[in-house]
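Subject: Structure handover

Hello,

Here is the structure you asked about. My notes follow below it.

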Amino acid sequence: MDELPEFQKNVLEVLRQPLEDREITISRVNGSLTFPSNFMLITALNPCPCGHYPDSNRCHCSEESIKRYLGRISGPLLDRIDLHVEAAAVKYENLNDSRKGDTSAVIRERVILALKRQQARYKNEGIHFNSQLSASQIEKYCVIDENGKKLLKAAFDKLNLSARSYHRILKICRTIADLAGSEDIKVNHITEAIQYRSLDRKYWD
Ligand SMILES: [Zn+2]
């Protein structure tokens, strides 16, 4: 869904149930029916109507209009989106940057290994992916040490995160560790997972 705030608010709010339960219930006078609705939501938006905020040289939107624009995306909807990434405009100096990241082929290999790791771990659980972990399975498979717990607690207090996001962050930690080829969740995996939940605090608070 490109330009997320351009969708009607009631359309956006309908996403909450399937994002949480992987099914959707349609209620009419004569009864209600529940359908499977398992999908991956990928969405993009500008931080203001003109698209240039926070660049104050180019963005002339009023504070009020920015607030109204971002306000179309509710907190509960944001809370159900696991990875928030800011794509800042590329500076001219960086266009010629000769540093190379990993190629898609290398990343693909890493993803396949992470999937295999999950399938082996959950072979007796009846699930395939970290995203499917229940609360009790999270306790079993997303174990973090004392330092990690302290770090998470500090992040929760600072970012005022919800109980729902706590479980979601632990699953992201698990996935980051899997991508790094690590059976243990380490502090740097936790820091990275928290960072994906910091953007809403930057723009929506
Ligand atoms: Zn603007």
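How are the donor residues of the zinc ion spaced in sequence? They follow the pattern C-x1-C-x8-C-x1-C. Please keep in mind throughout that this is a predicted model.

Zinc site

The protein donors of the zinc ion are the SG atoms of Cys48, Cys50, Cys59 and Cys61, which lie 2.2 to 2.4 Å from the ion. The arrangement is tetrahedral, because the 4 donor atoms subtend angles of 105 to 114° around the zinc ion. For reference, the ideal angle for four tetrahedral donors is 109.5 degrees. Cys48 and Cys59 are 11 residues apart, and each sits in the loop between strand S2 (31-36) and helix H3 (63-71). Both Cys48 and Cys59 are buried. The loop between S2 and H3 also holds Pro54. The peptide bond leading from Tyr53 into Pro54 is cis, with omega near 10°.

Overall layout and confidence

The protein has 10 helices and 2 strands. Read from the N terminus, the order of elements is α-α-β-β-α-α-α-α-α-α-α-α. Along the principal axes, the C-alpha atoms fill a box of roughly 60 × 55 × 35 Å. Of the 205 residues, 31% are buried. Among contacts with a separation of 6 or more, 56% are between residues 24 or more positions apart.

Mean pLDDT for the protein is 91, and 100% of the residues reach 70 or more. By element, the highest mean is that of H5, at 97, and the lowest is that of helix H10 (residues 199-204), at 78.

Helix H5

H5 covers residues 104-121, 18 residues in total. From first C-alpha to last it reaches 26 Å, close to the 26 Å expected at 1.5 Å a residue. Which residues of H5 are buried? They are Ala114, Gln118 and Arg121.

In the loop that runs between H5 and H6 is Ile127. Ile127 counts as buried because its relative accessible area is 12%, and the cut-off for buried is under 20%. Apart from neighbours within four places in sequence, Ile127 is in contact with Tyr122, Gln132, Leu133 and Gln137.

Helix H7

H7 spans residues 146-159 and has 14 residues. Its reach from first to last C-alpha is 20 Å, close to the 20 Å expected at 1.5 Å a residue. Gly148, Leu152, Ala155, Phe156 and Leu159 are its buried residues. Why are they placed on the same side of H7? They cover an arc of only 100° around the axis, so they fall on the same side of H7. Their cover includes H8, helix H9 (187-195) and H10. The face turned away from the buried side of H7 carries Glu146, Lys150, Lys153, Asp157 and Lys158, which are exposed.

Leaving aside neighbours within four places in sequence, Leu4 is in contact with Leu12, Thr43, Ala44, Leu45 and Ile73. Leu4 and Lys91 are 87 residues apart in sequence and 25 Å apart in space, C-alpha to C-alpha.

Glu3 lies in the segment before H1 too. Although Glu3 is not a glycine, it has a positive phi of about 55°. Glu3 is partly exposed, with a relative accessible area of 28%.

Arg22 is another non-glycine residue with a positive phi, in this case about 60°. Arg22 is located in the loop between helix H2 (16-21) and strand S1 (23-28). With a relative accessible area of 33%, Arg22 is partly exposed.

Regards

Methods: Residues are numbered from 1 along each chain as its sequence is written. This is a predicted model: local features need pLDDT of at least 70, side-chain atom pairs count only at pLDDT 80 or more; totals for chains, interfaces and linings use all residues. Side-chain values use heavy atoms; hydrogens and water are left out. Helices (H or I, at least four residues) and strands (E, at least two) are DSSP runs, numbered from the N terminus. The expected span of a helix is 1.5 Å times one less than its number of residues. Buried means under 20% relative accessible area, exposed over 50%, partly exposed in between (1.4 Å probe, protein chains only). pLDDT is the predictor's confidence in each residue, from 0 to 100. Donors are N, O and S atoms within 2.8 Å of the metal (3.2 Å for Na, K and Ca); water is not among the atoms, so sites may look incomplete. Four donors count as tetrahedral if all angles lie between 85 and 135 degrees; four count as square planar and six as octahedral if opposite donors are over 155 degrees apart and all others between 65 and 115; anything else is irregular. Contact means heavy atoms within 4.5 Å. The arc is that of the directions from the helix axis to the C-beta atoms.
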